[in-house]
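These are my notes from one sitting with a model. I looked up rings, cavities and charge pairs, in that order.

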Amino acid sequence: MEKKLFLFFVTLFIYFPSTYSNELETINIDYIIRPPYFISANNDGELSDGEIYRIVTKIFKNTNIPFEFKKVPFIRTYQTIKENKIKVCSPSSFKTKEREEFAIFSKSIFQDKKTVIIYRFDNDIISKFNKTDDFLKQNDLKLLVKIGFSYGTFIDEKVLKFKKISLAETKSQEAENVTFTSSDNNLMLEDILTRKADYMFIGRNEAEYLLNVNSEFNKKLKIKDLIDVPNGEKRYMMCSKIVGNEIIEKINKEIDKLVK
């Protein structure tokens, strides 16, 4: 009898691989250094703190889902998620219709403050305006955008309307008075400072942090509120579909406990 039971379970193991063991496969959490969400104390790429870093760490530890943070350029993460060959998540992404076609999303883990503009303090043209359309209509103002990044539905649609470019697109694009970059926000502010561009969109969370920790930024750059933008965008974990709905459900249950 014992021999028969043994053979039965061996057969199950061989022909019906365990879903549970598959669930326990380590998930890569691809990040970029992006204060205040992901902070590296020594700027060496190793994470030391961050608002979203803390949330994501708690979610995975509390659910006992194996995970590993990996510093990876966002465009590469984006492509890996689309290819859907390994289990990988981008931990602080905006949800768009285009992305929902090839990725699965958790519930929201964070909500930004409203989107603002950062510009040089001596730019008198920008100081006159306070609506998104006003800036995007100006042919003598150069916009700085990060390649492959969504700035949320409202800004994305406005930029598409006035500049005829898709902000979330990772392929090469060109537009009049638009400068594309793959740099992080810190270097993007340097580009504003050195007049490579005139302004950029950014969440107030990031803008306040970056200006507070850099005296030159704080002295020479300004934050401009936009009266027409909606409430800050929500951020989600965007994962390759191979991660699976069962894992996402576990993550969502933990999000319900942690995120209010």
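Is Phe60 buried or exposed? I found Phe60 buried, at 1% relative accessibility. Buried here means under 20% relative accessible area, exposed means over 50%, and partly exposed lies in between (1.4 Å probe, protein chains only).

**Ground rules.** The model is predicted, so I kept its limits in view: local features need pLDDT of at least 70, side-chain atom pairs count only at pLDDT 80 or more, and totals for chains, interfaces and linings use all residues. Residues are numbered from 1 along each chain as its sequence is written, and side-chain values use heavy atoms, with hydrogens and water left out.

**Rings.** I looked up aromatic pairs and got 13. The rule takes rings of Phe, Tyr and Trp (its six-membered ring) with centres within 6.5 Å; planes under 30 degrees apart are stacked, over 60 edge-to-face, and the rest tilted. Phe60 and Phe67 make a tilted pair, with 5.2 Å between centres and 40 degrees between planes.

I went on to Phe74 and Tyr78. Their ring centres are 5.9 Å apart and their planes stand at 50 degrees, so this pair is tilted. The two residues sit four apart in helix H4 (residues 74–83), which puts about one helical turn between them. Helices (H or I, at least four residues) and strands (E, at least two) are DSSP runs, numbered from the N terminus. Phe74 and Tyr78 are both buried.

Which residues make up the aromatic cluster with Phe60? I noted Tyr31, Phe38, Tyr53, Phe60, Phe67 and Phe69 as one cluster.

I also checked for charges over rings. Lys82 lies over the face of Phe102, 5.3 Å from the ring centre. The test asks for NZ of Lys or CZ of Arg within 6 Å of the ring centre and within 35 degrees of the ring normal.

**Cavities.** How many cavities of 30 Å³ or more are there? I counted two. A cavity is a set of points on a 1 Å grid over the protein atoms alone where a 1.4 Å probe fits but cannot get out, and lining residues have an atom within 4 Å of a point. A volume is the space filled by probe spheres set on the points, which are joined across faces, edges and corners.

The largest cavity has a volume of about 190 Å³. It has 17 lining residues, and those closest to its centre are Arg34, Phe74, Ser90, Ser92 and Phe149. Strand E1 (27–31), H4 and strand E3 (88–93) each supply at least two lining residues. E3 gives the most, with four. The lining has eight nonpolar, five polar and four charged residues. In this scheme Ala, Val, Leu, Ile, Met, Phe, Trp, Tyr, Cys and Pro are nonpolar, Asp, Glu, Lys and Arg are charged, and the others, Gly among them, are polar.

The second largest cavity holds about 50 Å³. Its lining includes Thr115, Tyr151, Phe154 and Glu233. By class I have five nonpolar, three polar and one charged residue there.

**Salt bridges.** The search of the whole structure gave 15. Each needs a side-chain nitrogen of Lys or Arg within 4 Å of a carboxyl oxygen of Asp or Glu.

Lys113 and Glu208 meet at 3.0 Å, N to O. Lys113 is in the loop between strand E4 (103–111) and strand E5 (115–120) and Glu208 is in helix H9 (residues 204–213), so the bridge ties together parts 95 residues apart in sequence. Both ends are partly exposed: Lys113 at 40%, Glu208 at 24%.

Glu206 and Arg235 pair at 3.9 Å between the closest N and O atoms. This bridge links helix H9 with strand E10 (residues 234–240) across 29 residues. Glu206 and Arg235 are both buried.

Glu254 bridges to Lys257 at 3.8 Å. They are three residues apart in helix H11 (residues 245–258), about one helical turn. Glu254 is buried at 8%, whereas Lys257 is exposed at 58%. Elsewhere, bridges with shared partners join Arg34, Asp112, Glu206 and Arg235 into one network.

**Last entry.** I looked up Phe201, which lies in strand E8 (residues 199–203). Phe201 is buried, at 2% relative accessibility.

Definitions and conventions
On a 1 Å grid over the protein atoms alone, a cavity is a set of points where a 1.4 Å probe fits but cannot get out, and a pocket is an open set with protein on both sides within 12 Å along at least five of seven lines; lining residues have an atom within 4 Å of a point.
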